[in-house]
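Grab the viewer and work through them in order.

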Amino acid sequence: MQASPIRKLVPYANAAKAAGTSVYHLNIGQPDIPTPEGYWNALKKSMPEVLAYGPSQGIPELRRAIATYYSRSGISIDEDDVIITTGGSEAVYFAFMATCDHGDEVICFEPFYTNYNGFASMAGVNLVPVTSSVENGFHLPDTEEIESKITEKTKAILICNPNNPTGTVLSPEELQTLSRIIQKHDLYLLSDEVYRDFVFDGGSHLSILELPGIEDRVIVMDSISKRFSSCGARLGNLISRNKTVLDAVLKLGQARLCPPTLAQYGAAWIYHHLSEDYYDNMLKTYQNRRNVLMEELADVEGIFFLKPEGAFYATIKLPVKDAEKFALWMLTDFQYNGETTMVSPAAGFYATPGLGVDQIRIAYVLSDEKMRKALKILKEGLKVYRDTVE
Ligand SMILES: Cc1ncc(COP(=O)(O)O)c(C=O)c1O
């Protein structure tokens, strides 16, 4: 397994901090928005005498709350279609394990969320990449190109929508295309919809749960980490209307006993009580940050990326030969008034060797003011790096 490109430069960031340099973290999707207060109150109210194991599929209150949350978007699922997982991470792993045997293949559009690599390795699954390009905003390539990767070992197509690391939101037409492909080739469609509430510019999110005719072929992976700024709660969920898939996932769930018990009470409270205002404010906050990113990087010669449509990431082509060397140099050799900026090199988000080497991923998870500072430092660093190193 490769080291995570999101975390592998952390020791260098720590060394920079130890030497007195402040570091702006644009490398990791860790929201800075406070976790809703009601979460903590709900935890306190639920504190039992014994912090016991819970049901393997998660507590009924939370599964019901999730079904209600989806019904607000007009998506009809039953609480029995939901299995609570230890983060969206475990949902991805369970989806691979439930749909594939050892040596089977899952088609995935690169660049993709880098940890899919790790889960695929753990499940003995081969991720087969189909490349999407920065030039067309990382939207899907032609149907023929996708179909050319399908073999008798292919079991599923995996998408992340809205996308980490690119911020791309797939159109209804693109999802229809995928629906046709999976029906034609008898495959599952796995969709990581962790960022489903983060679609900008008045756009709306279409879940694969809404696509007609493929109800028994779709598996959604979801999480409260980003939606409720609760990354440390380690709670996600897997949704399927296919009983056989759910039975397989439940067996995996039983093997790991249960997801975190206490956090589930807090999560059930949040799902039930947060108003539309919470979601609207969160969306506005990230959309503004996206706009700051566009403004700050608009005038930089040699940088290329299209406006991200959702999530809170952008994959950006830089005018450097090796973006990893640049990202490392920003931590080891550069500071601007005692501060520097950490980004993730994008090559680790690709499966095809050699791709993405001149790209970085930025997570715009800081306040507008901090974002502006962090990006100014990045631009300054880029100038110095190009003049003195490359
Ligand atoms: C696309 C995507 N899927 C899954 C995850 C994992 O989320 P969790 O914290 O719920 O395990 C992340 C986390 O960054 C993500 O970006």
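Before we start, a word on domains: their bounds here come from an automatic or database domain assignment. Keep in mind that the model is predicted.

**Exercise 1.** Work out how the protein is divided and how far apart the centres of domain 1 and domain 2 are.

Solution. Start with the bounds: domain 1 takes in 10–34 + 277–388, while domain 2 covers 37–273. Next, take the centres over C-alpha atoms; they are separated by 26 Å.

**Exercise 2.** Describe the side of domain 1 that touches domain 2.

Solution. First, the contacts: 32 residues of domain 1 meet 27 residues of domain 2. Then look at who supplies them: α10 (276–298), β9 and β12 each bring at least two residues to that side of domain 1. The most comes from α10, with 5 residues. Finally, sort that side by class, and you get 19 nonpolar, 9 polar and 4 charged residues.

**Exercise 3.** Find out which strands of the sheet stand at its edges.

Solution. Write down the order, β9-β12-β11, for this open, antiparallel sheet of 3 strands. β9 (313–317) and β11 (344–345) each have a single partner strand, so one side of each lacks a neighbour in the sheet: those are your edges. Now zoom in on β9 and β12 (residues 359–363), which are joined by 5 bridges. Here K317 sits opposite Q359 in β12.

**Exercise 4.** Explore the shell around the ligand.

Solution. Of its 13 residues, G87, G88, S89, S223 and S225 come nearest. Helix α4 (residues 87–99) contributes the most, 3 residues. By class, the shell has 4 nonpolar, 8 polar and 1 charged residues.

Conventions:
Residues are numbered from 1 along each chain as its sequence is written. This is a predicted model: local features need pLDDT of at least 70, side-chain atom pairs count only at pLDDT 80 or more; totals for chains, interfaces and linings use all residues. A residue is near a molecule or strand if its C-beta atom, placed from the backbone, lies within 6 Å of it. Helices (H or I, at least four residues) and strands (E, at least two) are DSSP runs, numbered from the N terminus. Ala, Val, Leu, Ile, Met, Phe, Trp, Tyr, Cys and Pro count as nonpolar, Asp, Glu, Lys and Arg as charged, and the others, Gly among them, as polar. Two strands pair if DSSP finds at least two bridges between them. Two residues are in contact if their C-beta atoms, placed from the backbone, lie within 7 Å.
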